[in-house]
Amino acid sequence: MACWRPANAGFGTLVLSVDTAALANREKNVRTGFSVPLRPSLRSAWHGVSHPPGH
């Protein structure tokens, strides 16, 4: 088994680390109403129509 290879190589401890995504709680995002996942609103719809991608 692969889990015995470190012990056979002389290592006595196996450390596992786990990484997980965490959402930022930025003051700017709170002030502007930004949220994840995006909550559709008339304001966001108007912004999307009045500011097309690439312009």
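**Notebook: helices, spread and pockets**

I looked up confidence by element: helix α1 (residues 5-8) has the lowest mean pLDDT (81) and α3 the highest (88), pLDDT being the predictor's confidence in each residue, from 0 to 100. This is a predicted model, where local features need pLDDT of at least 70, side-chain atom pairs count only at pLDDT 80 or more, and totals for chains, interfaces and linings use all residues. Residues are numbered from 1 along each chain as its sequence is written, and side-chain values use heavy atoms, leaving out hydrogens and water.

I noted that the mean pLDDT of the protein is 80, with 93% of residues at 70 or more.

I listed the elements next: 3 helices and 0 strands (DSSP runs, H or I of at least four residues for helices, E of at least two for strands, numbered from the N terminus). The radius of gyration is 24 Å, well over the 10 Å that the globule rule gives for 55 residues, so the protein is more spread out than a compact globule. That radius is taken over C-alpha atoms, and the rule is 2.2 Å times the number of residues to the power 0.38.

I checked burial: 4% of the 55 residues count as buried (under 20% relative accessible area, 1.4 Å probe, protein chains only).

I then looked for a pocket (on a 1 Å grid over the protein atoms alone, an open set of points where a 1.4 Å probe fits, with protein on both sides within 12 Å along at least five of seven lines; lining residues have an atom within 4 Å of a point). Among the residues that line the largest pocket are Phe34, Arg39 and His47. Helix α3 (residues 42-50) gives the most to this lining, with 3 residues.

How values were computed:
Buried means under 20% relative accessible area, exposed over 50%, partly exposed in between (1.4 Å probe, protein chains only).
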